[in-house]
Amino acid sequence: MASESAHSEGAELGRYLRARRTQTSPEHAGLTIGAGIRRTPGLRREELATLAGISIDYYVRLERGKETRPSPAVLDSLARALRMDDQQHQHLRELAARAARYAPEPAPAPSRTVRPHLKLLLESLRPNPAYVISRSMDMLAWNPGGLALYAGLEDWPAKHRNLARYLFLHPAARDLFTDWDRQITGCVARLRAVAGTAPDAPDLTNLVGELLLKSPDFAGLWERYEVNGRKPVQKTFRHPQVGTVTLTSQSLQVEGTPGQRIGVYTADPGTPDQDALLLLDMTAPRPGGRAAATPEATGRHEP
């Protein structure tokens, strides 16, 4: 059991190194390349090993998942050679730490139960859209605007409501976001970061398997193995009910419940964007029924 776990974790470390190597150009790594056609995308294994100051054989073993205990110095050398940023470097360290631990049993899945006081908190945040989300981006709880902001998501069964699934599979998502390409890139990067440290977790593998099967866009981004942390950003929505609105997004980790976080969208007071949030909150569907607005007015789509 332990050796199988070690092989799995080592393979994940190898996949990450291979993805970063093939996406790092020789020029970006500081190499001067002569004339001629290169058959290998990005850096060759021997080029990376040389830049990192390690043997080619050792690097090949790392990439194939057969070496699972690289030293901190080796990890730092590889990160420098691959021009990793701080988030990518930290992800590399986390993958190496998991590969070295040989954990025989996977960690338990995070709780999906949302505590009552968090639901009260979501209600108190109205009219600002807010929700509680799992590490795999399942929506676990929400206030009216938190659900209605993602146009058409309320038409899916509650157990099917997942923001990654929405972005890639719901027909309204491309129209809702003015920068849909950027949104899906960030979404996959966040899932990759979580899955890299919990590669066998059912909540992640089931979602990833579904999206790999149903969305070529997701499959292409997943193969790139980009990892990024989440940052407060502004997002512009072309909402079919309240028009174009620009909001600031903030994500907060839920204390005492690993894997859950609260997402909140806000607008500056006294702006048309805040007026749009008030309208969205007033007309959003309520539990057990729909809002007064008609489907034609809201422009909702069936999944």
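On a 1 Å grid over the protein atoms alone, a pocket is an open set of points with protein on both sides within 12 Å along at least five of seven lines, a cavity is a set of points where a 1.4 Å probe fits but cannot get out, and lining residues have an atom within 4 Å of a point. This is a predicted model, in which local features need pLDDT of at least 70 and side-chain atom pairs count only at pLDDT 80 or more, while totals for chains, interfaces and linings use all residues. Residues are numbered from 1 along each chain as its sequence is written, and side-chain values use heavy atoms, with hydrogens and water left out.

**The largest pocket**

- The largest pocket holds about 570 Å³ of space, a volume being the space filled by probe spheres set on grid points that are joined across faces, edges and corners.
- Its lining has 21 residues, and R190, A193, V194, Q253 and R261 lie nearest the centre.
- At least two lining residues each come from α5 (86–101), α10 (180–197) and β4 (243–253); helices (H or I, at least four residues) and strands (E, at least two) are DSSP runs, numbered from the N terminus.
- With 5 residues, α10 gives the most to this pocket lining.
- Sorted by class, the pocket lining has 5 nonpolar, 11 polar and 5 charged residues. Here Ala, Val, Leu, Ile, Met, Phe, Trp, Tyr, Cys and Pro count as nonpolar, Asp, Glu, Lys and Arg as charged, and the others, Gly among them, as polar.

**Cavities**

- Searching the whole structure gives 2 cavities of 30 Å³ or more, and the largest cavity has a volume of about 110 Å³.
- The largest cavity is lined by 13 residues, with M137, Y150, L163, R190 and K235 nearest its centre.
- Each of β1 (130–133), α8 (163–169), α10 and β5 (261–266) supplies at least two residues of this cavity lining.
- The lining of the largest cavity has 8 nonpolar, 1 polar and 4 charged residues.

**Nonpolar cores**

- A nonpolar core is a set of buried Ala, Val, Leu, Ile, Met, Phe, Trp, Tyr and Cys residues joined through side-chain atoms within 4.5 Å. Buried means under 20% relative accessible area, exposed over 50%, and partly exposed in between (1.4 Å probe, protein chains only).
- The largest nonpolar core has 45 residues, of which Y150, Y166, F168 and L191 touch the most other members. Helix α10 provides the largest share of this core, 6 residues.
- Apart from this core lies another one of 24 residues, among them L13, L17, L95 and Y225.
- Leaving aside neighbours within four places in sequence, F168 is in contact (heavy atoms within 4.5 Å) with I184, C187, V188, L211, S215, D217, F218 and L221.
- Helix α4 (residues 72–81) has V74, L75, S77, L78, A79 and A81 buried.

**Salt bridges**

- A salt bridge is a side-chain nitrogen of Lys or Arg within 4 Å of a carboxyl oxygen of Asp or Glu. By this rule there are 16 salt bridges.
- E226 pairs with R20, their closest N and O atoms being 3.2 Å apart. This pair links distant parts of the chain, 206 residues apart: E226 is in the loop between α12 (216–224) and β3 (233–239), and R20 is in helix α1 (residues 2–22).
- E226 is partly exposed at 22% relative accessibility, whereas R20 is buried at 5%.
- R45 and E63 meet at 2.9 Å, N to O. R45 lies in helix α2 (residues 45–52) and E63 in helix α3 (residues 56–63), so the pair ties together parts 18 residues apart in sequence.
- R45 is partly exposed at 32% relative accessibility, and E63 is buried at 4%.

**Backbone points to check**

- Most residues other than glycine have a negative phi, and most peptide bonds are trans.
- The peptide bond from R126 to P127 is cis, with omega near 10°, and P127 sits in the loop between α6 (116–124) and β1.
- M137 has a positive phi near 75°; M137 lies in the loop between β1 and β2 (139–142) and is buried at 6% relative accessible area.
- Y225 has a positive phi near 55°; Y225 is placed in the loop between α12 and β3 and is buried at 1% relative accessibility.
- R83, which follows α4, has a positive phi near 55°.
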